[in-house]
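This briefing goes through one protein model, topic by topic. Please keep the sequence and the 3D view open while reading.

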Amino acid sequence: IRGSSGQIEFYQGNADGASSSEKFRISSNGGVTFNGDTAAANCLDDYEEGTFTPNWVGDSSAGTTTYTTNLASYTKIGNIVNCRGNTSISGMTGSGSIVMTNLPFSSNSNDSGVTTGSCMVSMLNIATDAKWVVPYKNAGTQQLHLFESGDVYSWSLVGVDTAWTIIWGITYQTA
């Protein structure tokens, strides 16, 4: 262990003690790096866990949504956010397509901010030719949209439905 300039460095030496290499560093700025890396951009300086309440609405007209279950949580490590949730809706009066409007962090506004996740849905009315529903996160937003798709069916936004359940997860990069 060595300390200098407000940081602490951990080294691992050979059995003969002749040489050693840095394995872990606590930066003077409060983050950590590994294996001798000193680049500020590679410093892990953020970890957070929390919960939030999803807000599922219609994108044309929000309407009113009534929930039986509505739970969600997230883990943020550096600029990567992993969100997961479980929602049962017993009434939804909005119009347009389904959107969740309050993910805990905005994603990057470039192409790396676009991502999809996975989900299971029950009782959600989708097109006859659609085979699956995919959560979609567009760049630069805190919104999650649901798309339906299939082998011979183009991507299409899922329309507002009265009563349905979703268990979902998505991982995205923050700004």
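A residue is called buried when its relative accessible area is under 20%, exposed when it is over 50%, and partly exposed in between. The model is predicted.

**Salt bridges**

- The count of salt bridges comes to 3.
- Asp-46 pairs with Lys-76, and their closest N and O atoms are 2.2 Å apart.
- This pair connects distant parts of the chain, since Asp-46 lies in the loop between E4 and E5 while Lys-76 belongs to strand E7, 30 residues apart.
- Asp-46 has a relative accessible area of 24%, so it counts as partly exposed.
- Lys-76 counts as buried because its relative accessibility is 10%.
- Glu-22 and Arg-25 form a salt bridge with an N to O distance of 2.6 Å, and both residues are buried.
- Arg-25 also meets Glu-9 in a salt bridge, at 3.4 Å from N to O.
- Here too distant parts of the chain are linked: Glu-9 is in strand E2 (residues 7–13) and Arg-25 is in strand E3 (residues 20–26), 16 residues apart.
- Glu-9 is buried because its relative accessibility is 7%.
- Arg-25 has a relative accessible area of 11%, so Arg-25 is buried.
- Glu-9, Glu-22 and Arg-25 are therefore joined in a network, given that a salt bridge needs a side-chain nitrogen of Lys or Arg within 4 Å of a carboxyl oxygen of Asp or Glu.
- As a general point, side chains of opposite charge can pair when their charged atoms come close.

**Nonpolar core**

- How many residues does the largest nonpolar core have? There are 22 residues in this core, and those with the most contacts inside it are Trp-56, Cys-83, Leu-146, Trp-164 and Trp-168.
- Two or more residues of the core come from each of these elements: strand E7 (65–77), strand E8 (80–92), strand E9 (98–100), strand E13 (144–150) and strand E15 (164–173).
- Strand E15 gives the most to the core, with 5 residues.
- In soluble globular proteins, nonpolar side chains tend to be buried together.

**Nonpolar surface patch**

- Leu-44, Tyr-47 and Ile-77 make up a nonpolar patch on the surface, and together they have about 290 Å² of accessible area.
- Tyr-47 is part of strand E5.
- The relative accessibility of Tyr-47 is 52%, so Tyr-47 counts as exposed.

- Most residues other than glycine have a negative phi.
- Asn-35 has a positive phi, near 55°, although Asn-35 is not a glycine.
- Where is Asn-35 placed? Asn-35 sits in the loop between strand E4 (32–34) and strand E5 (47–52).
- Asn-35 is exposed because its relative accessible area is 58%.
- Met-123 is another residue other than glycine with a positive phi, near 65°.
- The loop between strand E11 (118–122) and strand E12 (132–137) holds Met-123.
- Is Met-123 buried or exposed? Its relative accessibility is 67%, so Met-123 counts as exposed.

Methods:
Residues numbered from 1 in each chain as written. Predicted model: local features only at pLDDT ≥ 70, side-chain atom pairs only at ≥ 80, totals over all residues. Heavy atoms only, no water. Core = buried A, V, L, I, M, F, W, Y, C linked by side-chain atoms within 4.5 Å. Buried < 20%, exposed > 50% of the residue type's maximum accessible area, 1.4 Å probe, protein only. Helix = DSSP H or I, 4+ residues; strand = E, 2+ residues; numbered from the N terminus. Patch = residues over 30% accessible without salt bridge, like charges linked within 9 Å, V, L, I, M, F, W, Y side chains within 5 Å. Areas by Shrake-Rupley, 256 points an atom, 1.4 Å probe, with all protein chains shown as cover.
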